[in-house]
Amino acid sequence: MVDSVKYWEGIGRRKTATVRVRIYEDSKIKNSINGKPVNAFFSELEIEYITKPFRVLDLKDKRFSFTVKANGGGKTGWKDAIRLGIARALIKYNPEFKPALRKAGFVTRDPRAVERKKVGLKKARKAPRFSKR
């Protein structure tokens, strides 16, 4: 990958996953996550889910590619974080895309995360079995 190629960057987060997505207007750059092809991590259906922001904007005339640096979390967190990162990078590429992406729900970060475990409980809310005698 050549550093002189122009890119737009977006950061996405979900649960404990954090990803940095760079989109390129160049189709010669292969879509990759942490230097490996996207197919190594996700199925075709999941790749379709990740790249949905491109299809919502109907960007058939321009061929985009992306690279991702991901850490933390797991597969589901990465998947949603990458989609958010792509949407944010597209907004940096062209701010006029924001209303369409917001309407489709790609700009909003999912705030749900695992609730912390409390003292005296087995999990966040699960109490130990109660016995009267």
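Modeller: One term comes up later, so take it now: contact means heavy atoms within 4.5 Å. The model is predicted, so local features need pLDDT of at least 70 and side-chain atom pairs count only at pLDDT 80 or more, while totals for chains, interfaces and linings use all residues. Residues are numbered from 1 along each chain as its sequence is written, and side-chain values use heavy atoms, with hydrogens and water left out.

Now the pocket. Rolling a probe the size of a water molecule over the atoms shows where empty space is left. On a 1 Å grid over the protein atoms alone, a pocket is an open set of points where a 1.4 Å probe fits, with protein on both sides within 12 Å along at least five of seven lines; its lining residues have an atom within 4 Å of a point. A volume is the space filled by probe spheres set on the points, which are joined across faces, edges and corners.

I will take the second largest pocket, which holds about 160 Å³ of space. Its lining includes Arg13, Arg14, Asp80, Leu84 and Thr108. Strand S1 (7–14) and helix H3 (75–93) each give two or more residues to this lining. H3 supplies the largest share, four residues. Helices (H or I, at least four residues) and strands (E, at least two) are DSSP runs, numbered from the N terminus. By class, the lining has four nonpolar, two polar and six charged residues. Asp, Glu, Lys and Arg count as charged; Ala, Val, Leu, Ile, Met, Phe, Trp, Tyr, Cys and Pro as nonpolar; the others, Gly among them, as polar.

Look at threonine 108. It lies in the segment after helix H4 (98–104). Threonine 108 is exposed, at 53% relative accessible area. Exposed means over 50%, buried under 20%, and partly exposed in between (1.4 Å probe, protein chains only). Beyond its neighbours within four places in sequence, threonine 108 is in contact with Leu84 and Arg102. Leucine 84 is 24 residues away in sequence, with 7.6 Å from C-alpha to C-alpha.

Back to S1. It pairs with strand S2 (residues 17–24) in the antiparallel sense over eight bridges. Two strands pair if DSSP finds at least two bridges between them. S1 and S2 form a hairpin with two residues between them, and lysine 15 in the turn has a positive phi of about 55°. Tryptophan 8 stands opposite isoleucine 23 in S2. Isoleucine 23 also has a bridge partner in S5, phenylalanine 66. S2 and strand S5 (residues 65–71) pair in the antiparallel sense over seven bridges.
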